[in-house]
Amino acid sequence: MLIIEFWSYDPFSAHKDKNGNIYARGAQDMKCVGIQYIETIRKYLKDKLVFDRTIHMLFVPDEETGGHLGMKLFVRSPEFASLNVGFALDEGLASSDDSFSIYYGERTLWHLQIKCTGTPGHGSLLHKNTAGEKLQYIINKFMNWREHEKLRMKNCKLDSGDVTSINLTKVNGGCQINVVPPELTVSFDVRLSIDVDVTTIEKTVKKWCEEAGEGVTMEFICKSAFIQPTLTGPENPWWVTFKNECDKMNLKTKTYIFPGATDSRFIREIGIPALGFSPINNTPILLHDHDEFLNEKTFLDGIDIYYNIIKSLASV
């Protein structure tokens, strides 16, 4: 959500302050990477470089709403197949220290809604078997699960992409304050860590619905399949090439599981290795935030970083 009054400068003005920080909506996500890709290709053309492989740039819609009408459809099209893609680069996140973050996989995305039905009636009576009682049981189960993951993250010093995130995002139902409703629904955003068995988790949630009482059902609004992360070892020539080029430039790198969901998952789902990487370090993570900014030097250095990395990948 963009609320202009909370910005220090007009978010569409690309204001640059005396420190070279450029304030703009999309400065980190994703205008920076798109422009850096274009500038990198322009430099290749200027230098008259020729590679063993073809480089394709994709500007695909719908990523912010799940990619189901964008990349998900495109990767299943004959047009995509004709590109004969061997490897893909996609967005990453800024790093607040001097390292650069590399993302080799993503958690499994679930958006689910649980509907609780029960006895309706007047709000002055203690009815049995109400939707509210069942809703409370379900919410408690999910919130206990959430607390467990928070403690695991703290005690084991894990990153956000290493644990399962559970967030209650919507509660719906009822029409009047003195009427016990016949139906209440609760929605959760769940991102399953790569080390959990998704089948077991689904069975557990269904069991909670059964325990909550009769008339409790679960519906998936979005149910992504588990997708194997990209290998980050000597057996993957794409990774070896990427990492070697970073080492040549003396870039300090760290690998992570991406905490959100990007179009990379659709690439990996069809068996193509992909890495998420935005060449941004020493910068607070401010994507979708107020006063999102990127320093001009970081931006320009990122073009040089992409220049070397993509050139090497195109010669694998």
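This passage walks through a predicted model, from the overall chain to a few local details. Local features are reported only at pLDDT of at least 70 and side-chain atom pairs only at pLDDT 80 or more, while totals for chains, interfaces and linings use all residues. Residues are numbered from 1 along each chain as its sequence is written, and side-chain values use heavy atoms, with hydrogens and water left out.

The chain has 316 residues, of which 44% count as buried (under 20% relative accessible area, with exposed over 50% and partly exposed in between, for a 1.4 Å probe and protein chains only). Its secondary structure comes to 8 helices and 13 strands; these are DSSP runs numbered from the N terminus, with helices being H or I of at least four residues and strands E of at least two. The C-alpha trace spans about 80 × 45 × 45 Å along its principal axes. Contact here means heavy atoms within 4.5 Å, and among contacts between residues at least 6 apart in sequence, 76% join residues at least 24 apart.

Covering residues 131-155, α4 has 25 residues and reaches 36 Å from its first C-alpha to its last, close to the 36 Å expected at 1.5 Å a residue (the expected span is 1.5 Å times one less than the number of residues). Among the buried residues of α4 are L135, I138, F142 and W145. The buried residues of this helix pack against strands β5, β7, β9 and β10 and helix α5. After α4 comes K157, with a positive phi near 55°.

Rings of Phe, Tyr and Trp (its six-membered ring) pair if their centres lie within 6.5 Å; planes under 30 degrees apart count as stacked, over 60 as edge-to-face and the rest as tilted. By this rule there are 18 aromatic pairs. The pair of F100 and F277 is tilted, because the planes stand at 50°, with the ring centres 6.4 Å apart. This pair links distant parts of the chain, with F100 in strand β4 and F277 in strand β12, 177 residues apart. Both of these residues, F100 and F277, are buried. W239 and F242 have ring centres 6.3 Å apart and planes at 15°, so they are stacked. Both lie in helix α6, 3 residues apart, and are separated by about one helical turn. W239 and F242 are both buried too. Ring pairs join Y37, F100, W239, F242, F277 and Y306 into a cluster.

The loop between β2 and α1 holds Q28, which is buried at 6% relative accessibility. Polar contacts are pairs of N or O atoms within 3.5 Å; within protein, one must be able to donate a hydrogen and the other to accept it, and residues adjacent in sequence count only if both atoms are side-chain atoms. The side chain of Q28 reaches the backbone oxygen of P284 at 3.0 Å and that of F293 at 2.9 Å. In the loop between β2 and α1 lies M30 as well, and the peptide bond from D29 to M30 is cis, with omega near 10°.

Most residues other than glycine have a negative phi, and most peptide bonds are trans. The loop between β12 and β13 contains H288, whose phi is positive, near 65°. D291 is found in the loop between β12 and β13, with a positive phi near 55°. H288 is partly exposed at 36% relative accessibility, whereas D291 counts as buried at 19%.
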